Amino acid sequence: MCGIAGWFDKTNNLNKHQHIIDNMSLSLANRGPDEDGIFMRKNLCLIHRRLSIIDIESGKQPMTKAYKGKICTIVYNGEIYNSPEIMSELRSKGFSFFGHSDTEVVLTAYLCWGTKCVEKLNGIFAFAIWDDDEQRLFLARDRIGVKPLFYYEYKNGLLFASEIKTLLKNPIVEPKIDEQGLYEVFLLGPARTSGFGVIKNIKELLPGECATYNGKEIRKKKYFTLRAYEHRDNEKQTIEHIRELITDSIERQLVSDVPLCTFLSGGLDSSIISYVASNYYRKNKLDTLTTYSVDYKDNEKYFQKSIFQPTPDSDFIDLISTAIGSEHRNVLIDNSELFNALYASTLARDLPGMTDVDSSLLLFCKAVKKDFKVALSGECADEIFGGYPWYHNKNILFEDTFPWSRSLDIRHSILKNGLLKNGDEYVRERYLATCQSAEKLDGESKLDSRMREMFKLNLDWFMQTLLDRKDRMSMYSGLEVRVPFCDYRIVEYAYNMPWKLKSLNNREKGIVRKAFEGLLPDEIVWRKKSPYPKTHNPLYFKLAVSTVRKVLNDKSSPLYDIIDKNTVENIIENPESITSPWYGQLMKAPQILSYIIQTDFWLRTNNIQIEI
């Protein structure tokens, strides 16, 4: 993976703004620590920072290629998992290749099929192509939205980048946040409305969206949308097809010219990936697969069982690692270091995030990067196969709200009285719009109809939050993390699978468990879902308390006139009163305090002005 950015202005000579361009490039250095490149024209600049994974010598960017007089230049971030098939098809049409990089495959596909090239691609990507003949930019983002692409449109010009911080390096973009942005941070965060960059006038391409820009206006087009169709496979066929799809997706994503490992938590999803990867390595006579897990110092002393986290991962990791024969390494994180990484994780994400889980993942990826440049991870199986408790608790399932943030009461209570008074309507509109976007079939049961809505809610919101987290925390350390369950073929098939099949044997991800029964140890196959591990050490809470008090007593803090100190103090004194998570499954009192700390740091660091 890499970092990309660009600037197109029909009336401005960009050669006079090299220092701005250099600053934009430097802001992406973590995403691409291996190489950097800039393509310059009077009115155009394309910026690339490379993390070299495939075709290290011939995959340099920006990359320019010509065919029959047509010249195009690309900056690209991602991986294309059906590159061999596309390359073969293009060769049959008379195209030739000077290397074997995905970048060249995408660029050649554009030379052949134009803007329809995106329909051919199976992978995770965000890219921009300058079409010299048409004098226009073409931008595209992958179907599921694994790779980010933000943009800022102004009169006669367009800026785009992999990250918000890069756009903020250009003085054309003013760091301001209005009432809508505050809704996003305080009432939806760490989730974010797709397409909205929180900073005023910063937007992003939606998953499955592409766009053209010629200096006048940006024209966007949705090239991928989930469609409802009848599921015709019986139970046996469904089990076999799911196993084949998942296995094929994992094996396609094991291609790399540099060392590769897998994340292994001892849960079903990461165990499946590690099992398939280990078999692939043996079959192809590759080195022993290395697997990684994460935990916290002294966590075994303080672990607290809950409905969301019934068992610690450590009980299962040794079992599956031994079964598949991997070389396993456990990353142990210090709790003080975890807390201090809140700041780096905010810088990485460009927004306040999932607090200790973000910082943990950042530190974890930093440790893995010491020996590997690519990892595979089990994100997103829970969203598409019904792994979360809110799919199975009927009281929550049919509750008419976001299931991972069911009440806004605690969110309103930490704000000064009367602030964001129209926020409930804002959140409600986004919830309803998502439910209405779920395409259904006539005659579906109430349960299957609601499950389609839940699928879309999880896909468009919860999953996007986790994908954003994984991309930012990993790329901040220059580590590429691939997510095989995000293959759009799996997503499409799962969307149209009846709930009775998806939840086979009345279990979360029942169909996936059945598909790999007999291949993995039974203890792994039938283990109850457990989320990314969090720290239970009271030291973390103590550090959060002392820091948040400093923030809220600092009159120079941007939050001084926004946050209700009495409510926060009550949370500090009575942390057990937070019975429902702020967001997701594990964000309670320590995480609420950490979120306030991250928000203060984010506003200060970016000199963001609040307009309300």
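**Close-up views of a predicted model**

**View 1. What's tucked inside the protein.** In this predicted model, buried residues account for 62% of the 612 residues in the protein.

**View 2. The overall build.** Count up the pieces and you get 23 helices and 19 strands in the protein. The radius of gyration is 24 Å, close to the 25 Å that the globule rule gives for 612 residues, so the protein is as compact as a globular protein of that length. If you follow the C-alpha trace along its principal axes, it spans about 70 × 60 × 50 Å.

**View 3. Who touches whom along the chain.**

**View 4. Helix α16 meets helix α17.** To picture two packed helices, you describe the angle between their axes and the distance between the axes. Helix α16 covers residues 446-475, and helix α17 covers residues 488-495. Their axes come within 10 Å and cross at roughly 150°. Angles over 145 degrees count as roughly antiparallel, so that's what α16 is to α17.

**View 5. The residues where α16 and α17 touch.** Which residues of α16 make the contact? They are R452, F455, K456 and L459. On the α17 side, you'll find V491, A494 and Y495. Sort the residues of this contact by type and you get five nonpolar, two charged and no polar ones.

How values were computed
Residues numbered from 1 in each chain as written. Predicted model: local features only at pLDDT ≥ 70, side-chain atom pairs only at ≥ 80, totals over all residues. Heavy atoms only, no water. Axes fitted to C-alpha atoms, helices over the stretch in contact; angles between N-to-C directions. Helix = DSSP H or I, 4+ residues; strand = E, 2+ residues; numbered from the N terminus. Parallel < 35°, antiparallel > 145°, perpendicular 65-115°, else oblique. Contact = heavy atoms within 4.5 Å. Nonpolar A, V, L, I, M, F, W, Y, C, P; charged D, E, K, R; others polar. Rg over C-alpha atoms; globule rule 2.2 N^0.38 Å. Buried < 20%, exposed > 50% of the residue type's maximum accessible area, 1.4 Å probe, protein only.
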